[in-house]
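Okay, thanks for making time, everyone.

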Amino acid sequence: MTILSTSTLLVLLTVALSTSALQRLSLKIDGPTSVDNIENFTVTTTITNTGDETLKVLRDPLSPMSKLPADTFAISTDRGAKPLFNGIKVKYLPQLAAEAGAFTVLAPAQAIKIHHDLAEAYSFARSGEGIYNIGARNAFYVLQGDGSIQVLHANVDRRHAAKLSGTLEKVHSSRIKSRATFPNCSASQQTAVKLAITAATNYATSSFLTSSAEVAATARYTTWFGNYTATRHDKVLSHFTAIHKNDFSTFVFNCKCSYPGAYAYVYPSIFGEIYLCDAFWKAPVTGRDSQGGTIIHEASHFTNNGGTQDHTYGQSGCKQLAKDSPDSAVENADSHEYYTENT
């Protein structure tokens, strides 16, 4: 009989525990193989828990867990033609979403199907008719037992392909910029937004002046944008130059949004209109993830201001992005906001 030492037993137990609690997801995309009108162009994503641990998966606007018309899908033809994204870009904080309970619980082997209307987020007028290959973002935020949030990449079981013809672009009559300055806002919300406008104006000025004076790497720059090069710095400066020219007092602030974990969103091509969401009203006027900073974040998304992306969210994610991919960091909206807030 072989007698195992206490230390060996502990090692075996640790290995057993680590291998018995696997977190895994799979993702597949289904839909019609032939579509004769953009308004019929829908796909269904199926997210399945293929591990052996119950998961709390956040409904991140960019992930297939959300129905919001965000840039969730990678769509192209074999010749490389891609549709124009005309949906929304959102400031979102996973930790706030988790605190609000904005997640879906998936037990082992359990699946959820989400239907997506591609006409709400993409126009195919420029890319034309053809067979489109459709993939989806496979990164999911998962709430852990200790309250932390980890990114879990799903195994992609199946992508989708569909032939599109006929009408290639949906007319969005509801996206016409409002003539009112504060549609759907209460009196108290209007007062709060006016204070945020003042803060954002000050932020825009200070960021422009600070960025203009940078001729080499600074701690502030490298923290949020990574390794300094003249080309990357010029891109950041071009964004802050454009934002500095904005008169936020002429913007439209629409208070009709109630998506947990979201601060605000915009349609990048509709310059000067910002939709304010739940988290905005709980944020401080200035400081980290502030109301003033949120306006800078959203303003950076406008095509007129450079059209930044949402590669990652939150301070820790942005700091890591600056280290791993400076080229992405200089295009990331939250990175611009945190540089601006300087906290």
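Before we look at any residue, one term: buried means under 20% relative accessible area, exposed means over 50%, and partly exposed is in between, using a 1.4 Å probe and protein chains only. Also, this is a predicted model, so local features need pLDDT of at least 70 and side-chain atom pairs count only at pLDDT 80 or more, while totals for chains, interfaces and linings use all residues. Residues are numbered from 1 along each chain as its sequence is written, and side-chain values use heavy atoms, with hydrogens and water left out.

Let's start with C185. Is C185 buried or exposed? C185 is buried, because its relative accessible area is 12%. You'll find C185 in the loop between β15 and α3. On names like those: helices (H or I, at least four residues) and strands (E, at least two) are DSSP runs, numbered from the N terminus. Leaving aside residues up to four places away in sequence, C185 touches Q190, F253, N254 and C255, where contact means heavy atoms within 4.5 Å. C185 and K256 sit 71 residues apart in sequence, yet their C-alpha atoms are 7.6 Å apart in space.

N184 is in that loop too, between β15 (160–167) and α3 (187–213). N184 has a phi near 65 degrees, which is positive in a residue other than glycine. A109 also has a positive phi, about 75 degrees, and A109 is not a glycine. A109 is in the loop between β8 (103–106) and β9 (111–117), and A109 counts as exposed because its relative accessible area is 65%.

Now for I38, in the loop between β2 (34–37) and β3 (42–49). I38 has a relative accessible area of 0%, so I38 is buried. Which residues does I38 touch, not counting those up to four places away in sequence? They are A119, Y122, F124, L164, T167, L168, E169 and K170. I38 and I197 are 159 residues apart along the chain, and 38 Å separates their C-alpha atoms.

Let's zoom out. The protein has ten helices and 18 strands. Of its 343 residues, 51% are buried. Among contacts with a separation of 6 or more, 74% join residues 24 or more positions apart. The radius of gyration (taken over C-alpha atoms) is 22 Å. That agrees with a compact globule, because 343 residues would give a value near 20 Å, with the rule being 2.2 Å times the number of residues to the power 0.38. Along the principal axes, the C-alpha atoms fill a box of roughly 80 × 55 × 45 Å.

Last, the annotated part. An unreviewed UniProt entry carries the annotation "domain: Lysine-specific metallo-endopeptidase" over residues 213–341; UniProt positions are in the numbering used here, feature names are shortened, and annotations may be inferred rather than shown by experiment. Over residues 213–341 the chain is 48% helix and 9% strand, with the end C-alpha atoms 17 Å apart. T218 is in the loop between α3 and α4 (219–225). With a relative accessible area of 29%, T218 is partly exposed. T218 and N342 are 124 residues apart in sequence, and 12 Å apart in space from C-alpha to C-alpha.

That's my tour, so over to you for questions.
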